[in-house]
Amino acid sequence: MTILDTARTRIQRIASPLVTPRHDDLPPSSDGTVVSLAWYLRRRGWTMLDGACPTRADFCYPGGFQGAPAIDDRRLPIADLNVQDLECTLSRHGDHWTATFTSCGAVIGCDRHRSNRATIGAHGIVFAAVLDDMERHARRVKPRDIAHCLHFGACGRDDASGHPAARPQEAPDEPATPHTVVPRYRTGHELDITYVNFDHGGADGDQSTVYAMDNLVELLGADGRTPDAGIIGEGNFWRFFGGKGIGQAQHALNTAFRDRSYVIRPGCLPNKWGDLGPALLYDANLVHVHTWDSGDEPGFVERNANRALLSLRDLPDQKFYLFGFHGHPDGDQRLHDVKPFRPYGAQAKLPTMVLGDWFGHPSGPLFEPPVYAEHFDELWQYEPRMLFPDGIPVPGDHPFDTRALDYLCGRWRRGRRDWRRAWLTRKPGGRVGGVGFSHMAELSGDYTPTNFPAPNGRPPTQIDAAVFNPRAAVMLVPGSVLIHEPAQRVNSHKRISFRLAFPAGTEGAE
């Protein structure tokens, strides 16, 4: 044996205990339930979040971000800060257990700081080694670095992978929804966007093609603020008879507003449940339409319905997505129809906004009227707005059906007392979950209803709105959201407007 062999043997003898997990550090063999693995993770300092199901459990590692925030219930403030704690979901598949990790980091940000997901088998040395790496990484994440990445843009401007979703990823199960957004761009160019649900598209009935467009001109010219682009809801049969409705709407608008060159392109309702879909409106002098998925073109994919890829003509490389949407009266169908927007949420690469009549509102005290039931004579009149047990309308006090917008923006969790200091502290309410969109009202602080009190007593609510993914939310110009109050009522819905700011030249983020 040479001197080198002797040295290598002695080094291995010393280093092996340091790099090889001891037997008592390895996960125990499974007994068919989550109990043994849960005991193992708790022994390592993890906290169980949900263990009601014997074949699935969720855990959180509280040692991330160097211990900040140092409170017992971290999840609500962590979500409000738009960051992600180290979490693990254990689930059984047949005879095997898998562990899905969500790493500690920012929900959106550069590759270095962004939270990612990984799934491995929950057994043996590999599982223990991955746990060691994940825990060590979480403890070393510096809150200051994460805050800098979140507020000043992706780190490393020359690194193309710094963009959120530069790598294909699913959105996290519970991404945080930003509700206090500070625009990060210097204003160079602004685009005025609008949405209005135009009753029957100007037709004299829901099955008619006899149009009058005077009210559309009045709506889009309200407050002297004509839009650069937007969505018009309820383009009833506008594409029929050679595009008769489109032609009349374009003629009326371009005659009234001589400085504009409006173009209208019809869309479709989700799942093709009627030719009453939203239509894209844009000023061709200012806006370039790269693509528009109307529902009729060859190769159409349902999940891309009413999707416009737009840019300013002067800034063709700064593209964004604009969707039109119209909610179905059935709450289950509404929830189904919004799920295709998931890839455009927290992890999306391009700014994305969805404009529509949602046929409802999100959860939360500032959106909800006192109660619907007391305002109605008949149960069927408020049935689409309520979430009934088993979907069957029955008398009683029931929650509002807010699932569609809650899926996008997160469910409202009410404020509650801090049990340790109940007489001093109250934890604020906030949104938890969703796929990363923010609601227009919460970004602007304007919760004005967009419809009117109904003759049967239905209270007005904000059912017409826009939702923004994080990249679009930072482009929203503060104070630009306007819900137009008509001098006289000419439509059953009010028009909404807002402005987007684009970077000036190549200055980028401030």
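Let's start at one residue: glutamate 234 has a relative accessibility of 17%, so it counts as buried (buried means under 20% relative accessible area, exposed over 50%, and partly exposed in between, using a 1.4 Å probe and protein chains only). You'll find glutamate 234 in the loop between strand 9 (229–233) and helix 7 (240–256). Helices (H or I, at least four residues) and strands (E, at least two) are DSSP runs, numbered from the N terminus.

Before going on, keep in mind that this is a predicted model, where local features need pLDDT of at least 70, side-chain atom pairs count only at pLDDT 80 or more, and totals for chains, interfaces and linings use all residues. Residues are numbered from 1 along each chain as its sequence is written, and side-chain values use heavy atoms, with hydrogens and water left out.

Back to glutamate 234, which isn't a glycine and yet has a positive phi of about 65 degrees. Most residues other than glycine have a negative phi. For a glycine with a positive phi, look just after helix 2, where glycine 45 has a value of about 105 degrees. Helix 2 itself (residues 35–43) has Ser36, Leu37, Ala38, Tyr40 and Leu41 buried.

Now step back to the whole protein. Its secondary structure comes to 11 helices and 23 strands, and 49% of its 510 residues count as buried. Of the contacts with a separation of 6 or more, 67% are between residues 24 or more positions apart; contact means heavy atoms within 4.5 Å.

What about the inside? In soluble globular proteins, nonpolar side chains tend to be buried together. A nonpolar core is a set of buried Ala, Val, Leu, Ile, Met, Phe, Trp, Tyr and Cys residues joined through side-chain atoms within 4.5 Å. The largest one here has 50 residues, and Leu408, Phe468 and Phe498 have the most contacts inside it. Strand 14 (residues 315–326) gives the largest share of this core, 6 residues. Apart from it lies another core of 27 residues, including Trp46 and Cys88.

Leaving aside neighbours within four places in sequence, its contacts include Thr352, Met353, Phe437 and Phe498. Strand 21 (residues 464–468) runs antiparallel to strand 15 (residues 352–357), and 5 bridges join them. Within this pair, glycine 356 stands opposite alanine 465. Both strands belong to an open sheet of 6 strands in the order 12-13-14-15-21-20, with mixed pairing; two strands pair if DSSP finds at least two bridges between them. Strand 12 (287–293) and strand 20 are at the edges with a single partner strand each, so one side of each has no neighbour in the sheet.

Glycine 433 lies in the loop between strand 19 (430–432) and strand 20 (438–439), and is buried at 9% relative accessible area.

How many disulfides are there? The count comes to 0, where a disulfide is a pair of cysteine sulfur atoms within 2.5 Å. For cysteine 104, the nearest cysteine sulfur is that of cysteine 60, 8.9 Å away. Cysteine 104 is buried, with a relative accessible area of 3%, and cysteine 88 is buried at 1%.
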